[in-house]
Amino acid sequence: MQLLDTELNIVKIQDVKKIETFSSFVSNPNRPTDCFLYVLSGSAYYTIQGKTTKVEKGNVIFFSRTDAYSAEIPSDGLAAIYVNFFLEDTKKLLRNEIFTPQNFTTLESSFEKLNALWAAGNFSDRIYCKSLMYRIYSELARQMQYKYIPSNRKDRIESTIQFMIENFSDANFSVEQLGPMCNMSQVHFRRIFSQIYHTTPIVFLNSLRLNKAKELLLANRLSISEIAAQCGFNSTYYFSKKFKEDTGLTPSTYRKS
């Protein structure tokens, strides 16, 4: 049975960890737990039910205790967040699955928040982690629902994603620029964008900026205001507010975790 065809009932989260792996081969015929894996960067080749698939940034993998898999990780490595948990015992045999969500930034934010809260180690935070797991499952199920959009419209909208990735650090960049790029009104652009990516352009843009901020907070000692500016935020106050809404932590607390 496939994961999204069943009602998820999480008994316990075992652990959450961010791991980098390089040049290795993994074969796992008998996992002790169920698991979600979110790919942050790099790539790997997973063989599930006899089919080999390349996974890369934005992919989500569900590993079941009841199904085997193997993986080959190349020299450039794989960085991922692993969430090991126990589903309620069931007679239904769940299968390992690989998902390619259209809007990976929404899921990445949830996985990063889950990892940060689990690492904080507070009892209340770890209770909240379970609710985040259900949010991830719900978002994944919602995104995998098929909706038909004419290819010419989809191509135009998809071009704005690359434009945002290349320009999100520019504080003068605004999502109001995107509609005219697609020859659409702002209202029509937002509607089609939301149908494809299940989020709004401004939320997607803020996700790009916040994900970059998380990298900078952990990688160097720039001040909070400097990081806000480098990620495209005009206001340190607004950056801190959005960061806490996204992660449940202030930028300073996130850096210490």
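The paragraphs below go through the strands, the aromatic rings and the charged side chains of this predicted model.

Residues are numbered from 1 along each chain as its sequence is written, and side-chain values use heavy atoms, with hydrogens and water left out. Because the model is predicted, local features need pLDDT of at least 70 and side-chain atom pairs count only at pLDDT 80 or more, while totals for chains, interfaces and linings use all residues.

Helices (H or I, at least four residues) and strands (E, at least two) are DSSP runs, numbered from the N terminus. S7 covers residues 78–87, and nine of its ten residues are buried, so the strand is largely enclosed by the rest of the structure. Here buried means under 20% relative accessible area, exposed means over 50%, and partly exposed lies in between (1.4 Å probe, protein chains only). Which strands run antiparallel to S7? Strand S1 (residues 10–21) is joined to S7 by ten bridges, and S3 is joined to S7 by eight; two strands pair if DSSP finds at least two bridges between them. Phe36 stands opposite Val83 in S7.

Phe36 leads on to the aromatic residues. Ring pairs link Phe36 with Tyr38, Phe62, Phe85 and Phe111 into a cluster. Rings of Phe, Tyr and Trp (its six-membered ring) pair if their centres lie within 6.5 Å; planes under 30 degrees apart count as stacked, over 60 as edge-to-face and the rest as tilted. The whole structure holds 14 aromatic pairs. One of them is the tilted pair of Tyr46 and Tyr69, with 6.0 Å from centre to centre and 35 degrees between the planes. Tyr46 belongs to strand S3 (residues 34–48) and Tyr69 to strand S6, so this pair ties together parts that are 23 residues apart in sequence. Both tyrosines, Tyr46 and Tyr69, are buried.

Rings also meet charges. A charge sits over a ring if NZ of Lys or CZ of Arg is within 6 Å of the ring centre and within 35 degrees of the ring normal. The charged end of Arg126 is placed this way over the ring of Trp118, 4.0 Å from its centre. Arg209 has its charged end over the ring of Phe233, 5.9 Å from the centre.

Side chains of opposite charge can pair when their charged atoms come close. Seven salt bridges are found in the whole structure, each a side-chain nitrogen of Lys or Arg within 4 Å of a carboxyl oxygen of Asp or Glu. Asp67 and Arg95 form one of them, at 3.4 Å from N to O. Asp67 lies in the loop between strands S5 (60–63) and S6 (69–73), and Arg95 in the loop between S7 and S8 (97–99), so the pair ties together parts 28 residues apart in sequence. Asp67 is buried at 8% relative accessible area, whereas Arg95 is partly exposed at 36%.

Other salt bridges lie within helices. In helix H6 (residues 201–219), Glu215 and Lys212 are three residues apart, about one helical turn, and their side chains meet at 3.7 Å, N to O. Lys212 is partly exposed, with 32% relative accessibility. Helix H8 (residues 236–247) holds Glu245 and Lys242, also three residues apart and about one turn. Their closest N and O atoms are 3.4 Å apart. Glu245 is partly exposed at 46%, and Lys242 is partly exposed at 22%.
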